[in-house]
Structures are given as C-alpha cells and as structure tokens.
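The following report describes one chain of a structural model and the way that chain meets its partner. Please read it beside the sequence and the coordinates.

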Amino acid sequence: MVGVLVGALIGFLIDSFFNTLPFGLLIGTFLGFGAGTMNVVRAAKELSERASRDN
Amino acid sequence: MADTNPIKQFEIHEVAALEIAGFDLAFTNSAFFMVLATVSVTLLMALATNKRALVPGRGQSIAEILYGFVADMVRSSAGNEGLRFFPFVFTLFIFILAGNMLGMFPYFPLGIEGIGWHGFTFTSHIIVTLTLSMMVMGIVVGFGVYKNGFKFLKLFVPAGVPPVLYIIVTPIEIISFLSRPISLSVRLFANMLAGHILLKVFAGFIVMLAGAGAAWGIIGVLPFAMVIGLTALEFLVAFLQAYVFAILTCIYLNDALHPAH
C-alpha cells in the first residue's frame, strides 16, 4: 500500500530534478505498485512457511 | 455535558519546560508515559528475576514466558545468528507492548500538576513510531553494510532472475526497501489511533444519549455493549501490533544477516 506512495514520490523527485514530468511520476507509481504487491506476496509466503513449519 | 471530543486524548501537554540551544525539549505527558513504560517493565523484570528459583513462581513465569516468546520469534525468522539482536527486539517489543497497554487505562491516576487524571497512548503518535522504525532500519542498514560490505547491495539484485528483468526488479526492490520504515510505523500508529478514536466515539454516544433525557438513556445500552466489545478488541490489537512490529523487525534483520535471500 505504502509502496505506491513511495514509488510515486521517488518518481516525482526524479521528475522535478530532470524536469521530465509526468514520465517519472508514472513509471514510479507503477514500480511502486509492483513493490507493494511484492511486499504482500513475500509476507504471505513467510506466513505460510511458518505455518507449515509449525505443523 | 461531559467533553466528548474523541481526539482530545491525543493532545500533548507540557509537564516541565526544558530548552536546550533554542530547541524546545519540554518533558511532556508523552515522555512521561514512555518513562512510565520503561520503569514498570524494568521493575517487573527485576522483581520477577531476583529470586531465580528453579521452579519459577508467578512473576518468574511471566518473565520466562516473555523471554521464550521473543527468543522463538527471533530464532524462527532470523536464525541463531539473529539472537545477537535479541536484546534489541525484546526491548522494542516490550516497550511498545507496555505503551499500548498503558494506553488502555482510560484515566491513569497521575498526581502531577498540569496533567491531572489522564490517559495517553504514546504509540498513537506517528513521530514516536517513525522514530522506532527508523531506528530498526538504521540498524538493518548499518549492520548489513558492516557485516556484508558491498554484498549488502545484493538485497536489491535477487538471484535467479533473467538479467534483462533487473531493469525492473532492482527499482522495485529499492522502492520496497524504502517503503518498509513507513509501512512499519504507519501500521502501528494507525491501529492505535483508529482504535482509540473509535472507543471514544462510542463512549461519547453513551454520554450524549444519557444527556438527551427521557427514554433515550435506555438506548445507551447499545453503545455501552459496543464499547465493552471494542475494549476487548483493543487489548488484542495492543498485543498484536507489538508482536507484528517485533516480528517484522526480525524479518528485516534477517535481510541484514543474509542479504542474498
């Protein structure tokens, strides 16, 4: 969830540095979405591994 | 009528003024509850462990269960090497847990001038949780670089990925790493904030209905039942969020110990 915001922020910072709005913002948002999804998948994997180890 | 403002509980009050080099470092009610949490935990641990009986008594059992609980958590997420971080994780866990639980006192009897009877949850302020999570990330980065050197950067270049995909995967990994301290702090802060506001709102309904006169007071039973349920739920959340914070700390520390996944 937070990944999207962080990605968008980084993209926007790159934009304001190189003056390339809106491309950095767009790419950053999509990458952030990917990062957020990956975080969720990782957490789920961690939890299922833990559950299968306990049983 | 009683004050039913649900966010009044988060106000910061100054207890003792302190100014160093132009910075306002006043001792506040927030700081007071942090000291209270630290002192009560230290006292509990000191009292529980001063007998060191072979067959533990009540207090010693609590201390031993807490120790075993956190040690298992560290060992299962970060391995035996992770146990060197046990003191850090244990301190974090018990500090947040004590803070959340002290926050469950609606009116904590404080005999201090300027505070009076007062309830406060320091973990419901994002500056506190952000400081804690930045401390965790600082240790992860600092120890990761100290132990692995440049290999720590392997964290951003996971193995087993086709080389072309690194153009996408590396930025994603970097963003996911940078979003960790934010999601870690926001999770704890938002849970405590929302839960305590909800409690106050429903408790406020009881007062409002009682003040409405006539038969309205009878309907006040409904929000009262709700408040009882929510209080139990808040105790669960108070424990769970401390646990989640600690276990995520362990998982991040695992990255510092073994950056190549």
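Among contacts in chain B between residues at least 6 apart in sequence, 67% join residues at least 24 apart, where contact means heavy atoms within 4.5 Å. This is a predicted model, in which local features need pLDDT of at least 70 and side-chain atom pairs count only at pLDDT 80 or more, while totals for chains, interfaces and linings use all residues. Residues are numbered from 1 along each chain as its sequence is written, chains are lettered from A and ligands numbered from 1 in the order in which they are written, and side-chain values use heavy atoms, with hydrogens and water left out.

Chain B has 7 helices and 4 strands, and these follow the pattern β-β-β-β-α-α-α-α-α-α-α when read along the sequence; helices (H or I, at least four residues) and strands (E, at least two) are DSSP runs, numbered from the N terminus. Along the principal axes, the C-alpha atoms of chain B fill a box of roughly 75 × 55 × 45 Å. Of its 261 residues, 42% count as buried, a class that means under 20% relative accessible area, with exposed meaning over 50% and partly exposed lying in between (1.4 Å probe, protein chains only).

### A strand residue and a loop residue

T28(B) is found in strand β4 (residues 27–28) of chain B, and T28(B) counts as buried because its relative accessibility is 15%. The side chain of T28(B) reaches the backbone nitrogen of S30(B) at 3.3 Å. When residues up to four places away in sequence are not counted, T28(B) touches I12(B), H13(B), E14(B) and V15(B).

F152(B) has its place in the loop between α4 (126–148) and α5 of chain B, and with 5% relative accessibility F152(B) counts as buried. Apart from residues up to four places away in sequence, F152(B) touches V140(B), V141(B), G144(B), V145(B), D255(B), A256(B) and P259(B). The C-alpha atoms of F152(B) and H258(B) are separated by 8.3 Å, although the two residues are 106 residues apart along the chain.

### Aromatic pairs

The structure holds 15 aromatic pairs over all chains; rings of Phe, Tyr and Trp (its six-membered ring) pair if their centres lie within 6.5 Å, and planes under 30 degrees apart count as stacked, over 60 as edge-to-face and the rest as tilted. Two of the tilted pairs are set out below.

| Pair | Centre to centre | Angle between planes |
|---|---|---|
| F69(B) and F93(B) | 5.7 Å | 45° |
| F143(B) and Y146(B) | 6.1 Å | 50° |

F69(B) lies in helix α2 of chain B and F93(B) in helix α3 (residues 86–102) of chain B, so this pair ties together parts that are 24 residues apart in sequence. F69(B) is partly exposed at a relative accessible area of 31%, whereas F93(B), at 1% relative accessibility, counts as buried. Together with F239(B) and Y243(B), F69(B) and F93(B) form one aromatic cluster.

F143(B) and Y146(B) are separated by about one helical turn because they are 3 residues apart in helix α4 of chain B. F143(B) is buried, with a relative accessible area of 12%, while Y146(B) counts as exposed at 68% relative accessibility.

### The interface

The size of an interface is often given as the accessible area lost when the parts come together. Between chain B and chain A the buried area is about 1,300 Å², of which carbon and sulfur atoms give 69%; this area is the accessible area (1.4 Å probe) that two parts lose on being put together, summed over both. The contact takes 15 residues from chain B and 16 residues from chain A.

Which residues form the salt bridge between the chains? E173(B) forms a salt bridge with R42(A), the closest N and O atoms being 2.9 Å apart, and the count between chain B and chain A is 1 salt bridge, defined as a side-chain nitrogen of Lys or Arg within 4 Å of a carboxyl oxygen of Asp or Glu. E173(B) is placed in helix α5 of chain B and counts as buried at 4% relative accessibility. Leaving aside neighbours within four places in sequence, E173(B) is in contact with M38(A), R42(A), L155(B), F156(B) and P158(B).

Key. Polar contact = N/O pair within 3.5 Å; in protein donor to acceptor, adjacent residues only side chain to side chain.
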